[in-house]
Number of protein chains: 2
Amino acid sequence: MNKNKPTLFTSFSPALLHLYDVNNSIVVIIDVLRATSTIAAALYNGARCVIPVDSVTRCIELGKQIDGITAGERDGKIAEGLVHGNSPFEYPKEFIEGKTLVLTTTNGTRLLHMAMEKGAKEIITGSFPNLSTVCNHLAEKKQNVILGCAAWKDRVNMEDILFAGAVISKIKKHFSINCDSSHLAETLYKKARKDLFEFMKKNDASHYHRLMNFGLEKDIRYCLTPDGANVLPQFEDGKLIVK
Amino acid sequence: MNKNKPTLFTSFSPALLHLYDVNNSIVVIIDVLRATSTIAAALYNGARCVIPVDSVTRCIELGKQIDGITAGERDGKIAEGLVHGNSPFEYPKEFIEGKTLVLTTTNGTRLLHMAMEKGAKEIITGSFPNLSTVCNHLAEKKQNVILGCAAWKDRVNMEDILFAGAVISKIKKHFSINCDSSHLAETLYKKARKDLFEFMKKNDASHYHRLMNFGLEKDIRYCLTPDGANVLPQFEDGKLIVK
């Protein structure tokens, strides 16, 4: 372990985030299925910004106020009062370019606000579609990093940990990693990486089943594919933007 | 998924225990290095009971009161005022038979008391030395199960998850498992089971390093070896006993 290297920790659930030194770190918000994947896709396709909000009411309110696209789902359907859903395929360039997306998600938004309240040095969002950009950014910044899994109502989920493992396997040489969660994530990712979709299926991942039941195989496959939307969403003044 | 089967969940950290339906479940307290392994060893070797307590002060107090063996470590050394340490090798039959062990541990005891306060149906302790007995008991009881990892100051650790995975790989057919943590634990265990010690070493497990630094390789090997002390420690009236 090189003491001059910055540290890297992985938090498997928002309920564990307080264990880490948030205010001295870059926090990567990870909500693979599907919030942070859709955020990457929308920004990659030219959205001006994405504003994550925690409720449908707030989404409607803010959408009106700033003339933004309101989006969000509850139980696999577009939430009442909103116009779009959570799928990355709803935000092609022709539609989203130059627009503001107001997106309501529960787990990812909550974690993002927690990181903000705890004074994170910087907050970015990560997903397989923007894997390489996130990794390059973290390697260049030489700051302490916390990979924050959004999980599902605080319960650990498979896909967020797999993404953490993918990041670690790419950039670990730049960091001092004294964190069993990180080592476990990397081990799992190495076992899964040949075919992430098959791994999720074979290992009965809860979100795999949930989304397959909604007919969303295409979404799952997109969200598990690296580098389809390589942008760096950074959270500033309540908005996710690409600088 | 068979709805008639009882459920099984794995809680990776005491900070996640509240997410599960504790008062409708058997909770297995898992603190592989070394509390629950040492508890199994002491009871297997004939200790009358083990009383887990959360502080050195309480350990000394109670030890005097009931004429018990006081034991516990802080930073790898026997804590001041106590007579024995946390190693399973300190409790052979010749020494411990018929005696009461008052053991202070931090993570395991805290989780055990949490499970008690939340009204667990039954609390038992699990470790590799009593793996088969724990598995047989859970399979026979046909009740909902929570595998509770004691972790390290709420931070996830590798060995407790590996033990959860070992249990799951043995008894999963008896349970309905809709829990990514459990599936992850099983996957990790399958990858590790050929040589758990090597797996811990190769994957930089934090407790592996900590205990190796104290010269405790023998302890680690014992604590990762299945079925060396097949008893069922059950928590009743503040004591762990074998019925």
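Mentor: We begin with the criterion for contact: two residues are in contact if their C-beta atoms, placed from the backbone, lie within 7 Å. Please bear in mind that this model is predicted.

Trainee: Which elements of chain A do the buried residues of helix 5 pack against?

Mentor: In chain A, the buried residues of helix 5 pack against strand 2 (25–30), strand 7 (122–126), strand 8 (144–149) and helix 6 (158–171). Those buried residues, within a helix spanning residues 131–141, are A:Leu131, A:Thr133, A:Val134, A:Cys135 and A:Leu138. Just after helix 5 of chain A, A:Lys142 adopts a positive phi of about 55°.

Trainee: How many residues does each chain bring to the contact between chain A and chain B?

Mentor: Chain B contributes 23 residues and chain A contributes 23 residues. On the side of chain B that touches chain A, helix 6 (158–171) and helix 7 (180–192) of chain B each supply at least two residues. Helix 7 of chain B gives the most to that side, with 7 residues. By class, the side of chain B that touches chain A comprises 10 nonpolar, 8 polar and 5 charged residues.

Trainee: Why may one say that the copies meet through the same surface?

Mentor: Because 100% of the interface residues of chain B are also interface residues in chain A.

Definitions and conventions. Residues numbered from 1 in each chain as written. Chains lettered and ligands numbered in written order. Predicted model: local features only at pLDDT ≥ 70, side-chain atom pairs only at ≥ 80, totals over all residues. Helix = DSSP H or I, 4+ residues; strand = E, 2+ residues; numbered from the N terminus. Nonpolar A, V, L, I, M, F, W, Y, C, P; charged D, E, K, R; others polar. Buried ≥ 20, exposed ≤ 12 C-beta atoms within 10 Å, placed from the backbone.
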